[in-house]
Amino acid sequence: MSAIPAPMIPLTNGTRGETVNIPQLGFGTYKVPPADTQRIVEEALEVGYRHIDTAEMYGNEAGVGKAIASAGIPRDQLFITSKLNNAFHDPKAAHKAFDDTMTALGIDVLDLFLVHWPMAKTTSLEATWTAMVDILGSGRVRSVGVSNYQPEHLRTIINANGVTPAVNQIEVHPYLTQEPLRELDKELGIVTEAWSPLARGVVLSDPTIDRIAGELSRTASQVVLRWHIQRGDVVFPKSMHRARMEENAKIFDFELTDGQMAEITALNRNERQGSHPDEVQGVK
């Protein structure tokens, strides 16, 4: 199957000067069991996803790598993200962890490598970010960024060495719209990626979203994912069912009106489904 017609968003990686384009829609692998990962990712690639998000923490990088190898899709048509786990923030450990990620994935160059959690109370933000910039300088990754970073974390690392993360991957959904942090990302030139875009399914039964879905003859998940797309964030829903993978990809042939967008944004409760970054200070 041909690739999903997802818009591309440019990332500037800060040191090599290359512009890297990331597909705005991707496929997430959080909590995909390692034993099932190759099959699930192969199905996602068959459906047309070309952006795959994984992490050492998920324990399924090797399965992602096997799916990439078996799919027969040219490497330059895929965008692969992985993340630095919490136990490896020490610079030497970070370099070793990156090597292990590359071995597990079985690729020569990674598209995006993120610090998974800041762990600002127990590690040095500056030292970890400098290690990430050094990894970028090796030429084995095209862009580096962060995940779950708050405003003070972003300012600290940028001030440390002048390099701005390409991406900040944070929890975003209609019940946690993250407007101030998204605006800061935009101001700094950082692309926001939304994890848990459907709030782990909680928002799919919201009456407002259900009504809008009815008005458009779409599903609730399609409406919420379209809301993310029109806000300009990168989004990567996860499903282990092919029919849902296909449903989540069918979001580029309709648009929400300004009024519908505003109604969904107004659902914000500042309500998290995952951990607050300040709560994650050790190996997770």
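**Legends to close-up views of the predicted model**

**View 1. Lining of the largest pocket.** In this predicted model, 27 residues line the largest pocket, and Tyr30, Trp195, Ser196, Pro197 and Arg200 lie nearest its centre. A pocket is an open set of points on a 1 Å grid over the protein atoms alone, where a 1.4 Å probe fits, with protein on both sides within 12 Å along at least five of seven lines; lining residues have an atom within 4 Å of a point. The lining comprises ten nonpolar, eleven polar and six charged residues, with Gly counted as polar.

**View 2. The open parallel sheet.** Eight strands (DSSP E runs of at least two residues) are arranged in the order E3-E4-E5-E6-E7-E8-E9-E10 with parallel pairing, where a pair requires at least two DSSP bridges. Strands E3 (27-28) and E10 (234-235) form the edges, each pairing on one side only. Two bridges join E10 to strand E9 (residues 191-195) in the parallel sense, and Glu193 stands opposite Val234 in E10.

**View 3. Helices on the sheet.** Helix H6 (residues 179-188) lies across strand E8 (167-171) and E9, at about 175° to E8. Helices are DSSP H or I runs of at least four residues; angles, from 0 to 180 degrees, are taken between N-to-C directions of lines fitted to C-alpha atoms, for helices over the stretch in contact, and contact means heavy atoms within 4.5 Å.

**Notes.** Residues are numbered from 1 along each chain as its sequence is written. Local features need pLDDT of at least 70 and side-chain atom pairs 80 or more, while totals for chains, interfaces and linings use all residues; side-chain values use heavy atoms, without hydrogens and water.
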